[in-house]
Amino acid sequence: MAHTQHIYTKPGETLFGFLMVILSGFLFWKAYSISGFESLSSPGALPLAATALMVITSCVSCIQNLRLPTEVQGHFFKEILPPVVAVMIAVIFLFAVVLNTLGFILTALAFLFLTIKFLHRSGTIRTLLLSAMILVLVYVVFRLVFKVVLPEGIIPEREIMAVIVDLFNSGAN
């Protein structure tokens with residue numbers, strides 16, 4: 001018998017396996033459309049090999065799951081999608097939806113505050129300070145060091161940065 005990690009399939013495991021087979025097949029097709037398979041050094045060779053491996057392993061995993069009996073006492077939402085994970089997915093989705101409208105600074109601050117408050121359950125002031133410190137660190141690293149353009153939103157970030165630069169430039173004279 002093939003080596004398996006468990007003797008029963010968990011709720012949703014077979015469906016997830018089929019979804020992985022479909023996704024892997026789609027990615028294989030997209031990798032093939034990069035440049036086909038002309039040679040081992042062609043641009044599409046590595047993506048094609050990686051997605052072929054994905055197709056093979058997801059098919060093997062799916063076949064193994066189909067051979068195992070289903071766990072009777074398991075509950076999908078309890079084992080696969082617990083409330084904490086569902087809430088975090090919703091908050092991340094909300095972050096993505098409002099990012100362009102509100103901008104990075106407000107959206108990231110709200111995201112950090114809500115997730116830290118929800119996951120860590122510390123005091124409001126402490127959570128706000130921690131969120132602000134993390135936001136400043138992320139902003140400095142990505143916006144100022146790596147020059148990543150972040151969505152501006154309703155805070156006039158360029159004008160604020162111009163004033164700060166002017167303050168430093170006038171202090172140097």
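Contact is taken here to mean heavy atoms within 4.5 Å. In the predicted model, Ser 58 is placed in helix α2, which spans residues 45-67, and, when neighbours within four places in sequence are left aside, Ser 58 is in contact with Met 20, Val 21 and Ser 24. The relative accessible area of Ser 58 is 8%, and because this value is under 20% the residue is classed as buried. A polar atom of the Ser 58 side chain lies 2.8 Å from the backbone oxygen of Met 54.

Phe 16, by contrast, is exposed, with a relative accessible area of 52%, and belongs to helix α1, which comprises residues 13-35. Although 42 residues separate Phe 16 from Ser 58 in sequence, their C-alpha atoms are 9.7 Å apart in space.

A further helix pair is formed by α5 (residues 104-120) and α6 (residues 124-145), which pack with their axes 9 Å apart and at an angle of about 135°, so that α5 is oblique to α6. The crossing in which α5 passes α6 is right-handed. On the α5 side the contact is made by Phe 104, Ile 105, Ala 108, Leu 109, Leu 112, Phe 113, Ile 116 and Lys 117, while the residues contributed by α6 include Thr 124, Thr 127, Leu 128, Ser 131, Leu 135 and Tyr 139.

Technical notes
Residues numbered from 1 in each chain as written. Predicted model: local features only at pLDDT ≥ 70, side-chain atom pairs only at ≥ 80, totals over all residues. Heavy atoms only, no water. Helix = DSSP H or I, 4+ residues; strand = E, 2+ residues; numbered from the N terminus. Buried < 20%, exposed > 50% of the residue type's maximum accessible area, 1.4 Å probe, protein only. Polar contact = N/O pair within 3.5 Å; in protein donor to acceptor, adjacent residues only side chain to side chain. Axes fitted to C-alpha atoms, helices over the stretch in contact; angles between N-to-C directions. Parallel < 35°, antiparallel > 145°, perpendicular 65-115°, else oblique. Left-handed = near helix turned anticlockwise from the far one by under 90°.
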